[in-house]
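Try each task before reading its solution.

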Amino acid sequence: MLERGLEVKEAFNIYQLDSLIDEKTEIPLERALYKDIFSTACYLYLIGNIEASEKLCNTLFDYLGRKRGTYFSELMSSLCGNEKKYGMGISSHVEILNMFPNNNSMGGVPERTANTLHSLANSVCKIQPQSRKSVTICLKSLIDEKDEKKRREIVRGENWSSKSETVIYRIGYKDEALIKAMSAAGISLCQSWNSSWESIKEEYEQNKKVAKQNKVALPEKPEKPKKLFELARLNELKTDTLALYVGQSKDICKRMEWHLGVTNPSSYAMHLLRWLPDYGASILNMPIKIELWTVPPCEENIDLHERVAQALEDQLWDECQPLFGKRGAR
């Protein structure tokens, strides 16, 4: 709906405005409101109500702070002819975006996806995870301790972190040189793990089937077969990897207990001590290294903190290609 003989300028970087609103607001509803205001202002400009559009934009820019006046001026000077691109490029509600003509279910979704990823990237750059500690554990030493209570005490004695902290962790082998030497000698750790896991898988599936049958037959007191636990997925890797598992937790002590296999068999984890003694004797003596990074809270909001932590975990997962577990949120 161009008229008034105004010059159409090249579209400006709308991602920065989306990021500014995210940084300035702490309450999700407030954040959504300001983005809706800008999209509405773009629509008003599109239909020719320039005065109302400029009033909304100026009010929003005053709230965000005039220190970025140059950016706001360039944004406004390029609005004519780019109303739809700007209005649909920011993360507003669908009901607001549907005001724009020729919109459909995917209209503006690629732009808003790029907008969201750009905003997330900015937040990730501001976060500096702190390397909390590195723990080395020999599985055989835990197996040799027959008292399960003392096993838990050994794990809990590491003073992992407070429960309120988000911790990204990597469990893997400590000695990279040894891994390379074994690989050069034709000894594949991946094959050793695969062989051990396949040995337990059949028993695992059978026990789950029995447990399900017992639950149907005796819903009040189902019998739990021995060694019933939830195994993490084994990934199909063709080359050896130093990483066994990559994840995150807000209670890292409990999570390590599950992975090592000293408590809580009902949660998906590696549960190493529950099956390696019978099926993986060849890999028990190799020290396991557990590395921890604490993710500091985001200043903006809790939801953004969780997305940043997940992005960091996913990147670490991609780089490490761990033997167990899946990529992404659990």
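**Exercise 1: placing Glu313**

In this predicted model, Glu313 is found in helix H14, which spans residues 302–320. Decide whether Glu313 is buried or exposed, and find which residues it is in contact with, leaving aside its neighbours within four places in sequence.

*Solution.* 
- Step 1: The relative accessible area of Glu313 is 2%. Buried means under 20%, so Glu313 is buried.
- Step 2: With those sequence neighbours left aside, Glu313 is in contact with Ile168, Val246, Gly247, Gln248, Gly328 and Arg330.

**Exercise 2: ring pairs**

The aromatic pairs come to a count of 5. Classify the pair Phe61 and Phe72, and say which helices this pair ties together.

*Solution.* 
- Step 1: The ring centres of Phe61 and Phe72 are 4.2 Å apart and the planes are at 0°, so this pair is stacked.
- Step 2: Phe61 lies in helix H3 (residues 50–64) and Phe72 in helix H4 (residues 69–77), so the pair ties together parts 11 residues apart in sequence.
- Step 3: Phe61 is buried at 1% relative accessibility, and Phe72 is buried with a relative accessible area of 1%.

**Exercise 3: a pair between strands**

Work out how Tyr169 and Tyr245 are arranged, and which strands they lie in.

*Solution.* 
- Step 1: Tyr169 and Tyr245 are 6.1 Å apart centre to centre, with 10° between the planes, and form a stacked pair.
- Step 2: Tyr169 lies in strand S2 (residues 166–173) and Tyr245 in strand S3 (residues 243–249), so the pair ties together parts 76 residues apart in sequence.
- Step 3: Both Tyr169 and Tyr245 are buried.

How values were computed. Residues numbered from 1 in each chain as written. Predicted model: local features only at pLDDT ≥ 70, side-chain atom pairs only at ≥ 80, totals over all residues. Heavy atoms only, no water. Helix = DSSP H or I, 4+ residues; strand = E, 2+ residues; numbered from the N terminus. Buried < 20%, exposed > 50% of the residue type's maximum accessible area, 1.4 Å probe, protein only. Contact = heavy atoms within 4.5 Å. Phe/Tyr/Trp six-rings, centres within 6.5 Å; stacked < 30°, edge-to-face > 60°.
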